[in-house]
Amino acid sequence: MAEQLLKVEGLTAGAAGKEILHGIDLEIGRGETHVLMGPNGAGKSTLAGVLMGDPELEITGGTAVFDGEDLLPLAVDARAKKGMFLSFQNPIEVPGISLENFLRTAIEQRTGKRTRVWAFRKEVKALLEHLQMDPGFAERDLNVGFSGGEKKKAEMLQMLLLKPSLAILDETDSGLDVDAVRTVSKGVEEFQKDRSASLLIITHNAAILSALHVDAVHILVDGKIVETGGPELIGRIGREGFAGFEERAEDAG
Amino acid sequence: MSGEKTYVEDVDRAFYDFRNEEKDVYRVRSGLTEEIIREISREKNDPDWMLQFRLRALELFHRIEMPDWGPDISGLDMDNIVTYVRPDTARMHTRWEDVPAEIRDTFERLGIPQSERESLAGVGAQYDSELVYHSVREEVAGQGVVYTDLESALHGEYADMIRQHFMKLVPPTDHKFAALHGAVWSGGSFVYVPPGVTVEIPLQSYFRLNAPGAGQFEHTLIIVDKGAHLHFIEGCSAPKYNVANLHAGCVELFVGEDAVLRYSTIENWSKNMYNLNTKRARVERGGKVEWVSGSFGSHVSYLYPMSILEGRGAGCEFTGVTFAGAGQNLDTGCKIVHNAPETTSYVNTRSISKSGGISTFRSAVVVTPKAEGAKAAVSCQSLMLDDQSRSDTIPAMDIRTSKADVGHEAKIGRIPQEAVYYLMSRGLSEEDAKALIVSGFAENVSKELPLEYAVEMNNLIRIEMKGAIG
Ligand SMILES: Nc1ncnc2c1ncn2[C@@H]1O[C@H](COP(=O)(O)OP(=O)(O)OP(=O)(O)O)[C@@H](O)[C@H]1O
Ligand SMILES: [Mg+2]
């Protein structure tokens, strides 16, 4: 068993006075890749948001330890600096700030050092190329007018640049065309290999996973993890859907 | 760079707030009398017509009422404002090394020689009421471009040209502070660009006030002849004092046929300043004036650059940002008069208010019966950073022809919480995230400025945003 990076116990959380997560237990080791699947509205994004520190969400119980530190009291930026990263399901558009300018600010915050302009530009350019994005994206306003797929690629760009220790990908593959899925998957693979970093991949599709090594799969239904298993679960859901798991959630609830 | 202090309510301006010990050679008495005006005029060696002009303006100043329609300026005690302060430099300097060390130090902290080295054609920097430093690069002078201080130009080759244009666009009858300006104006720049000449690099001028209670009344007169191009930059930063300070400058821009003049300003007056500045442009056939304006400082501002589109196809673009923090009431805007066919205007402004600051944007578009086929588009956006702050837009339209196309849109918003969260999730502090969002909001202006000014503007935004949280 790998050294523990994230441990969530009995976590309950909600929004607007309504509980969405009803007691989550989740453990991720350093260098491991976990997959989180579940029907629409099950609470996957909510779990990701709770881990990142979404101010809209209220935590009502449980604990989360990330890299040896109590995660929940930490501010969002402190979590990021500690190595947490969330690739958003719906990345926000921020007008007036170029992608490059933003990336530079982010990396300077992450490393606490000033970047060298030219070296940094080169790195961004290489990553854009790698993700098969036009180099012109560096000058465009952050996410503004990006297509759905371009937004997801821009999230990957940030992940690859910031090199987090735990990257949560919230449906990064949805909205991507076949080739783009392959490109992103390759990026994730490299991230996985080079950094021995951990991943929590939220997805509805097996395609992005096919080339990746997966250590564990969790099925989230109605705010509860109803099953944890190996990669074989992915195929089973592909064939049978979540019907069987939903019954189980009702039994438990 | 001085150490940064963080205040909770007031903004940390330590970085820009520095001043020199006062060392005035000469200072006139406070109240405004004919005697004082004569003294000023004598001291400046004015031509006689200028003395007469000043005296008529003084009369008007005493007759015209204080404005009663805008922000409160009762804090201004005209009797106690020393109108004319001169630093310890009597002569003009064309070499940086000749400028007294103390003054040089102040300018160095404002980054002037550096920006000059970097790309600027000439520097006419005003220290208190006097032009102390001035240089024009050979290549610009070689093109026949005149860039000098207005006072000495009154005696030179261009004296008649100045006489024909001086306060013709902004007559002293306009309002009380225009009259005051006419009476006591001092310092400022004169620029003349001959027909067909394109000045490749921006000319810049850096104004600041450095003495308690001193007013500043610089006059900028720019004439861009047929088919010529110029970018002029005016930047202001003033140290902070508790005595009420007044700035009543005047800018007159004459844009010839098919000429283009861009006039950029970053104003960063200290928070006790009354900034009652008057700016106006007249644009001939096919010419264009582009205003780029960032208003950050001052206690109270009245600032409404006006463009008169006099010839067919003349155009105006106005791009502005106003940032009103605690204790600031910034009343800004612009006025455009379409007085010829097919004239166009485009106004795009942002205002930001924070910690009880008030930001009001007044736009006025006038389309006369002569202006068939005129097009005007006005877009104003406001961002309020908290519940105590206020932001208003007051559009006025006076359209006297049915054949004009005039549009107006206004939006008021707040910083989106999800955007702050998104940026913080990449490691930015809440403060930095908000500052970045505000900078992005003001990008309409920063993207129009030369890089070093855009950087300074974003620094100002960061400084203003400090302590905004909590
Ligand atoms: N801020 C909020 N306010 C109110 N309800 C919310 C909020 N956020 C999430 N919910 C609700 O919580 C439930 C879980 O939402 P969540 O986005 O976590 O689902 P998901 O598993 O990510 O679904 P999908 O697969 O569609 O992305 C949904 O019913 C959603 O409407
Ligand atoms: Mg989701």
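A salt bridge here is a side-chain nitrogen of Lys or Arg within 4 Å of a carboxyl oxygen of Asp or Glu. The views below come from a predicted model, in which local features need pLDDT of at least 70 and side-chain atom pairs count only at pLDDT 80 or more, while totals for chains, interfaces and linings use all residues. Residues are numbered from 1 along each chain as its sequence is written, chains are lettered from A and ligands numbered from 1 in the order in which they are written, and side-chain values use heavy atoms, with hydrogens and water left out.

**View 1. A salt bridge joins Lys82(A) and Glu69(A).** The N to O distance is 3.1 Å. Lys82(A) sits in helix 2 (residues 76–82) of chain A and Glu69(A) in strand 5 (residues 69–70) of chain A, so the bridge ties together parts 13 residues apart in sequence. Helices (H or I, at least four residues) and strands (E, at least two) are DSSP runs, numbered from the N terminus. Glu69(A) counts as partly exposed, because its relative accessibility is 34%. On this scale buried means under 20% relative accessible area, exposed means over 50%, and partly exposed lies in between (1.4 Å probe, protein chains only). Over all chains, the structure holds 30 salt bridges.

**View 2. Helix 7 of chain A carries the pair Arg236(A) and Glu240(A).** Their side chains form a salt bridge, with the closest N and O atoms 3.7 Å apart. The two residues are four apart in helix 7 (residues 232–240), so about one helical turn separates them. Arg236(A) is partly exposed at 28% relative accessibility. Glu240(A) is exposed, at 51%.

**View 3. Ile237(A) is a buried residue of chain A.** Ile237(A) also belongs to helix 7 of chain A. Its relative accessibility is 8%, which is why it counts as buried. Contact means heavy atoms within 4.5 Å. Neighbours within four places in sequence aside, Ile237(A) is in contact with Met37(A), Ile219(A), Phe242(A) and Phe245(A). Ile219(A) is 18 residues from Ile237(A) in sequence, and their C-alpha atoms are 9.4 Å apart in space.

**View 4. Ser45(A) and Gln89(A) coordinate the magnesium ion (ligand 2).** The donor atoms are OG of Ser45(A) and OE1 of Gln89(A), at 2.0 to 2.2 Å. Ser45(A) is in helix 1 (residues 44–52) of chain A. Gln89(A) is in the loop between strand 6 (84–87) and helix 3 (99–111) of chain A. The pair links distant parts of the chain, 44 residues apart. Ser45(A) is partly exposed at 31% relative accessibility, and Gln89(A) is partly exposed at 27%. Donors are N, O and S atoms within 2.8 Å of the metal (3.2 Å for Na, K and Ca); water is not among the atoms, so sites may look incomplete.

**View 5. Chain B meets chain A.** In this interface, 18 residues of chain B are in contact with 30 residues of chain A. Together the chains bury about 1900 Å², with 69% of it on carbon and sulfur atoms. Tyr421(B), Tyr422(B) and Arg426(B) supply 43% of the area that chain B buries against chain A, more than any other three residues. Buried area is the accessible area (1.4 Å probe) that two parts lose on being put together, summed over both.

**View 6. One salt bridge spans chain B and chain A.** Arg426(B) pairs with Glu155(A), and the closest N and O atoms are 2.6 Å apart. Helix 9 (417–424) and helix 10 (430–441) of chain B are the elements that give two or more residues to the side of chain B that touches chain A.

**View 7. Helix 1 of chain B holds Arg38(B) and Glu34(B).** Their side chains meet in a salt bridge at 3.0 Å, N to O. Both residues lie in helix 1 (residues 34–44), four residues apart, about one turn of the helix. Arg38(B) is partly exposed at 34% relative accessibility, and Glu34(B) is partly exposed at 42%.

**View 8. A network of salt bridges links residues of chain B.** The linked residues are Arg262(B), Lys288(B), Glu290(B), Glu317(B) and Glu448(B). Chain B has 12 helices and 24 strands. Buried residues make up 62% of its 470 residues.
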